[in-house]
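Please walk through this model with the coordinates open.

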Amino acid sequence: MIFSLVERAAADPILGLTDAFKADKRANKVNLGVGIYKDESGQTPILKSVKAAEAKLLAEESSKSYLGMEGVLAYNKAVQGLLFGENHNVIQHNRVFTAQAPGGTGSLRVAAEFVMRHTSSRTIWVSNPTWANHQNIFGSAGLEVKQYRYYKAESHGLDFEAMLSDLAAANAGDLVLLHGCCHNPTGIDLNSMQWQQVADLCLEKALVPLFDFAYQGFGEGVDEDAQGLRLVANTVPELMVANSFSKNFGLYNERIGAITVVGNNETQASNSFSQIKSTIRALYSNPPAHGGLIVSTILADNELKALWLSELQEMRERIAQMRALFVQSLKDYGVTQDFSFISEQNGMFSFSGLSKTQVGRLRDEFGVYIVGSGRISVAGMTKTNMPVICKAIAAVL
């Protein structure tokens, strides 16, 4: 019997937290662990633009036949437009190819498998801290995962000098994982000058950027959040992007993402894309259609796209309001420690600086669930649960 030798896997640091939250019987419990947007009622709504697109698809859909390995072609073209803008040189010179993939996680795994199977690269550098699943995704594919410093605990800010210093030690051909915007877990992003310095370093050292782009539009805006990616694409000859529409379209359970490759020229990009499709064939053959059809339908319709952008703005502004309310509410409950840095961060998450002991007390004594690193999902805060959260934090500080 082979299964008798199998040991129980450790709980996932984020999804395992959700399991513990579900098992908690307390009525006033709050889950700020998983990155899911909540409206003021505490629900994760389906966007009106998505509902309208689905109604249109239901009326017009005529087949459930397999997609090709690259997925919905109109979706892939729309992805490129969102990432780079319609007139970027990588599009104009046919240096970019995109394949639909199952969510951001699937996109990253396709990228890792492609690199391992078809290039000489064996090392990827990720920020410290980073999303908890990055190590698992890249390590499982066989890549060596190294870290570059990113966060300065003393100032609750970016340690940019340390980031550059660590990446200067990388070798030619190494991958560098970059968060396109709304860095997970810190919420701290590079400015345009810093993006240019990173691009110049990648060019000088022959490093290959791999963008994890899961929150476009949740920071400053759709085009504003893509400025770092577009700037890097102006500088380096080749890169990859793994993006997701779970958050900005609210399509969490549709698992809709994409893997995009940019080559030094059309031939190199096309050759690489052919091997990406070969990798997809081995992993899951072809992607599910529904999510890609929803996104491509919305982006191809001017009215639906305008509605989506309006809904995205509402989500972005509500998260910003929760950041401000969180900072003010902590003061109102007697917290003298300065948490103003939370108002300066972007996106769904904040790196609170709370210790593992404090995080444990929040969970055990007050039913407030956050990740052990101290990452808080601001997108899960509401005016209703804010007093519960802030009272609990005040008690454990």
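The model is a predicted one. Thr186 has 0% relative accessibility and therefore counts as buried, the cut-off for that class being under 20%. Its side chain makes a polar contact of 2.8 Å with the side chain of His183. A polar atom of the Thr186 side chain also lies 3.1 Å from the backbone nitrogen of Ile188. With neighbours within four places in sequence left aside, Thr186 is in contact with Pro129, Tyr150, Tyr151, Gln345, Phe349, Ser350 and Phe351.

The bond from Asn184 to Pro185 is cis, with omega near 25°, and Pro185 lies in the loop between S7 and H8. The bond from Asn128 to Pro129 is cis as well, with omega near 10°. Pro129, one of the contacts of Thr186, is placed in the loop between S3 and helix H6 (133-141).

Seven strands make up an open sheet with mixed pairing, in the order S2-S10-S9-S8-S7-S3-S4. Strand S2 (96-102) and strand S4 (144-149) are the edge strands, each of them pairing on one side only. On average, neighbouring strands of this sheet are turned by 25° against each other, direction ignored. Strands of a sheet pair through backbone hydrogen bonds, in either a parallel or an antiparallel way.

At the S2 end, S2 and S10 run antiparallel and are joined by seven bridges. Ala99 stands opposite Ile259 in S10. On to the next pair: strand S9 (residues 239-244) and strand S10 (residues 256-262) are antiparallel, with six bridges between them. Here Asn243 is the residue opposite Ala258 in S10.

Helices lie across the sheet. Helix H7 (residues 160-167) lies across strand S3 (123-128), S4 and S7, at about 145° to S4.

H7 also packs with H8, at an angle of about 10° and with the axes 11 Å apart. The two helices are therefore roughly parallel to each other, a class that covers angles under 35 degrees. H7 contributes Phe160, Met163, Leu164 and Leu167 to the contact, and H8 contributes Gln194, Gln197, Val198, Leu201 and Lys205. By class, the residues in this contact are six nonpolar, two polar and one charged.

Three further loop residues remain. Met381 lies in the loop between strand S13 (375-377) and helix H16 (386-396), and counts as buried because its relative accessibility is 0%. Apart from neighbours within four places in sequence, Met381 is in contact with Leu32, Arg318, Met322, Phe326, Ile376, Met386 and Ile389.

His156, in the loop between strand S5 (151-152) and strand S6 (157-158), has phi near 55°, a positive value in a residue other than glycine. Ser285 likewise has a positive phi, near 75°. Ser285 is in the loop between helix H11 (266-283) and helix H12 (290-300), and at 17% relative accessibility it counts as buried.

How values were computed: Residues numbered from 1 in each chain as written. Predicted model: local features only at pLDDT ≥ 70, side-chain atom pairs only at ≥ 80, totals over all residues. Heavy atoms only, no water. Buried < 20%, exposed > 50% of the residue type's maximum accessible area, 1.4 Å probe, protein only. Polar contact = N/O pair within 3.5 Å; in protein donor to acceptor, adjacent residues only side chain to side chain. Contact = heavy atoms within 4.5 Å. Pairing = 2+ DSSP bridges. Helix = DSSP H or I, 4+ residues; strand = E, 2+ residues; numbered from the N terminus. Axes fitted to C-alpha atoms, helices over the stretch in contact; angles between N-to-C directions. Parallel < 35°, antiparallel > 145°, perpendicular 65-115°, else oblique. Nonpolar A, V, L, I, M, F, W, Y, C, P; charged D, E, K, R; others polar.
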